[in-house]
Amino acid sequence: QDLSLPNGTPVDTSSPASSSSLLNRLQLDDDLDGETRDLFVTVDDPKKHVCTMETYITYRVTTKTTRAEFDLPEYSVRRRYQDFDWLRNKLEESQPTHLIPPLPEKFVVKGVVDRFSEEFVETRRKALDKFLKRITDHPVLSFNEHFNVFLTAKDLNAYKKQGMALLSKVGESVKYVTGGYKLRSRPLEFAAIGEYLDTFSLKLGTIDRIAQRIIKEQLEYLVELREYGPVYSTWGGLEVELSEPLEGVSACIGNCCTALEELSEDMTEDFLPVLREYILYSESMKNVLKKRDQVQAEYEAKLEAVALKKEDRPKVPTDVEKCQDRVECFNADLKADMERWQNNKRQDFRQLLMGMADKNIQYYEKCLMAWESIIPLLQDKPETK
């Protein structure tokens with residue numbers, strides 16, 4: 001596969017009967033491999049906890065599995081955001097060669113002030129659910145011992161305290177030496193990945209900023225519409241002969257308000273979070289790429305040191321061979337994760353853009369129906385005097 005391709009798969013030029021039917025078809029296509037899975041995880045049932053020192057939200061994490069690594073076929077535990085953050089950090093420590101899915105940002109959700117509001121909590125629940133599903137679908141991360149503990153331990157805090165000293169040592173053992181080495185140049189395929197990620201995150205950032213402005217302007221327009229409609233209704237109270245058509249216009253504007261509110265909610269709850277997730281995803285991939293570069297730089301430095309030595313050596317030193325193995329491991333894992341990420345991205349953005357098209361079509365259809373419904377009321381009818 002050509003990893004340097006910037007924009008996914010070729011576009012199918014055949015026209016579906018409707019955007020909804022195509023969206024359903026895409027969803028079915030994406031679920032075809034569901035029968036082969038042996039691990040299913042869902043995040044739901046958010047609950048608010050008010051304590052003396054803090055207030056926080058927990059989420060129910062339900063696991064169903066047939067894997068031998070699990071003692072039971074089903075688990076249900078409650079986790080808060082910092083537990084998800086702990087899991088991600090542990091995955092990053094123990095699987096440094098792999099791309100770890102991003103978490104939603106802890107506090108920053110633009111346009112939402114109250115992090116305990118239903119909208120904020122639901123948006124976060126969806127993101128946390130997607131985070132765990134990304135890990136579940138990964139052929140390596142899903143078997144990680146920390147992921148197993150996260151899904152099964154009733155008291156995760158007790159596990160964190162018990163394993164802190166040991167795990168910190170394990171974490172140190174997988175950290176590569178990063179100082180003193182400078183990479184000469186990335187191999188072409190990884191240079192192409194780096195350039196693609198820079199362009200991709202830049203484009204998504206621009207789309208995100210513009211989308212934020214559009215939503216802000218839609219909400220401002222919505223405020224004006226809500227003031228605009230009732231004026232026709234009060235006017236109709238003064239004009240007996242025009243009361244019916246004026247009330248019709250007022251009701252029509254009210255229907256348009258409802259349609260615009262739904263469109264804005266869909267943009268905020270469905271469109272923006274996906275953009276933000278992939279911006280964070282590209283940053284995660286860049287971090288893995290930097291780690292790969294550091295290991296290659298270390299390998300190059302060791303090779304140079306061996307070459308400078310005068311005496312003949314029968315073979316390359318063991319530490320150099322180990323470093324070479326780490327480079328090859330990084331290369332293989334990064335390329336596999338990049339391919340998997342590209343496939344997920346294509347599916348997610350196909351579904352996202354088709355959904356956006358569908359919602360916009362619905363919005364304009366509702367507005368069109370509202371205005372068409374009052375045309376009979378606005379047509380001139382000759383009156384006998």
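Q: In which helix is the place of Met338?
A: Met338 lies in helix α9 of a predicted model, where local features need pLDDT of at least 70, side-chain atom pairs count only at pLDDT 80 or more, and totals for chains, interfaces and linings use all residues. Residues are numbered from 1 along each chain as its sequence is written, and side-chain values use heavy atoms, with hydrogens and water left out. Helices are DSSP runs of H or I with at least four residues, strands are runs of E with at least two, and both are numbered from the N terminus.

Q: What is the separation between the C-alpha atoms of Met338 and Leu99?
A: It is 8.0 Å, although Met338 and Leu99 are 239 residues apart along the chain.

Q: What makes the nonpolar patch on the surface, and which residues form it?
A: Patch residues have over 30% relative accessible area and no salt bridge; like charges are joined within 9 Å, and nonpolar side chains (Val, Leu, Ile, Met, Phe, Trp, Tyr) within 5 Å. A salt bridge is a side-chain nitrogen of Lys or Arg within 4 Å of a carboxyl oxygen of Asp or Glu. Trp235, Leu238 and Leu242 form this patch, with about 330 Å² of accessible area together. Such areas come from the Shrake-Rupley method with a 1.4 Å probe, and for residues only the protein chains shown count as cover.

Q: What makes the largest nonpolar core, and how many residues has it?
A: A nonpolar core is a set of buried Ala, Val, Leu, Ile, Met, Phe, Trp, Tyr and Cys residues joined through side-chain atoms within 4.5 Å. The largest one has 31 residues, and Tyr278 and Trp341 have the most contacts inside it. Two or more residues each come from α7 (188-238), α8 (243-308) and α9 (318-373), and the largest share, 13 residues, is from α8.

Q: Which residues is Tyr278 in contact with, leaving aside its neighbours within four places in sequence?
A: Contact means heavy atoms within 4.5 Å. On that basis the partners of Tyr278 are Arg134, Phe200, Leu204, Trp341, Asn344, Lys345, Asp348 and Phe349.

Terms used: Buried < 20%, exposed > 50% of the residue type's maximum accessible area, 1.4 Å probe, protein only.
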